[in-house]
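Trainee: Could you walk me through reading a protein model, feature by feature? I would like the general idea and then the case at hand.

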Amino acid sequence: MKLIIFIVLFSLLYWTLAPKYVKSDEWNDFCKVWMKYVNKHPQALHAGCCDIDHPTNDLLKKVYLGEPMLMCDGEYIYG
């Protein structure tokens, strides 16, 4: 029983903390493809965490009900 609890807690901690410290090649490949579509359709899509300073994120950086809608690596991004 203790082993199962340990495995569950370790898994939860790993999957919540690991993305903050490691940007994988898969994420970088996704961003390259995603940004092509964002630049092609800037009114419909947002760059998100791929490019925080991209002009399409301006709406997401505005504060709504006390918090911005853009959150990258566990931190809110303010405009």
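Mentor: Happy to. Keep in mind that this is a predicted model. Let's begin with the aromatic rings: ring pairs link W27, F30 and W34 into a cluster.

Trainee: How do I read an aromatic pair, and how many does the structure hold?

Mentor: A pair of aromatic rings is described by the distance of the centres and the angle of the planes. The structure holds two such pairs. One of them is W27 with F30, a tilted pair with 5.6 Å centre to centre and 40° between the planes. W27 and F30 are three residues apart in helix α2, so about one helical turn separates them.

Trainee: And what about F30 and W34: are they stacked or tilted?

Mentor: Let me place F30 before I answer: F30 is partly exposed, at 41% relative accessibility. The ring centres of F30 and W34 are 6.0 Å apart and the planes meet at 15°, so this pair is stacked. A cut-off is behind that word: planes under 30 degrees apart count as stacked. F30 and W34 are four residues apart, and both belong to helix α2.

Trainee: Where do the two tryptophans stand, buried or partly exposed?

Mentor: W27 is partly exposed at 31% relative accessibility, and W34 is partly exposed at 27%.

Trainee: Next, the disulfides. How many are there, and how are the cysteines paired?

Mentor: For a disulfide, look for a pair of cysteine sulfur atoms within 2.5 Å. Searching the whole structure gives two disulfides. With the bonded cysteines numbered in sequence order, the pairing is 1-3, 2-4.

Trainee: Which parts does the link of C31 and C50 tie together?

Mentor: C31 is joined to C50 with an S to S distance of 2.2 Å. C31 lies in helix α2 (residues 25-40) and C50 in the loop between α2 and α3, so the link ties together parts that are 19 residues apart in sequence. The link of C31 and C50 is left-handed, with -80° about the S-S bond. C31 is buried at 9% relative accessible area, while C50 is partly exposed at 23%.

Trainee: And where do C49 and C72 sit?

Mentor: The sulfur atoms of C49 and C72 are 2.0 Å apart in their disulfide. This pair links distant parts of the chain, with C49 in the loop between α2 and α3 and C72 in strand β3 (residues 71-72), 23 residues apart. The torsion about the S-S bond of C49 and C72 is about -100°, so this disulfide is left-handed. C49 counts as partly exposed at 25% relative accessibility, whereas C72 counts as buried at 6%.

Trainee: How should I think about salt bridges, and which side chains meet in one here?

Mentor: Side chains of opposite charge can pair when their charged atoms come close. A search of the whole structure finds one salt bridge. In it, the side chains of K61 and D53 meet at 3.8 Å, N to O.

Trainee: Is K61 buried or exposed, and what of D53?

Mentor: K61 counts as buried, at 11% relative accessibility. D53 is exposed, with a relative accessible area of 65%.

Trainee: Last one: which residues make the nonpolar surface patch?

Mentor: For a patch, look for residues with over 30% relative accessible area. Here M1, I4, I5, V8, L9 and L12 make a nonpolar surface patch of about 640 Å². Take I4 as an example: I4 belongs to helix α1 (residues 2-21) and is exposed, with a relative accessible area of 54%.

Conventions: Residues numbered from 1 in each chain as written. Predicted model: local features only at pLDDT ≥ 70, side-chain atom pairs only at ≥ 80, totals over all residues. Heavy atoms only, no water. Patch = residues over 30% accessible without salt bridge, like charges linked within 9 Å, V, L, I, M, F, W, Y side chains within 5 Å. Areas by Shrake-Rupley, 256 points an atom, 1.4 Å probe, with all protein chains shown as cover. Salt bridge = Lys/Arg side-chain N within 4 Å of Asp/Glu carboxyl O. Helix = DSSP H or I, 4+ residues; strand = E, 2+ residues; numbered from the N terminus. Buried < 20%, exposed > 50% of the residue type's maximum accessible area, 1.4 Å probe, protein only. Phe/Tyr/Trp six-rings, centres within 6.5 Å; stacked < 30°, edge-to-face > 60°.
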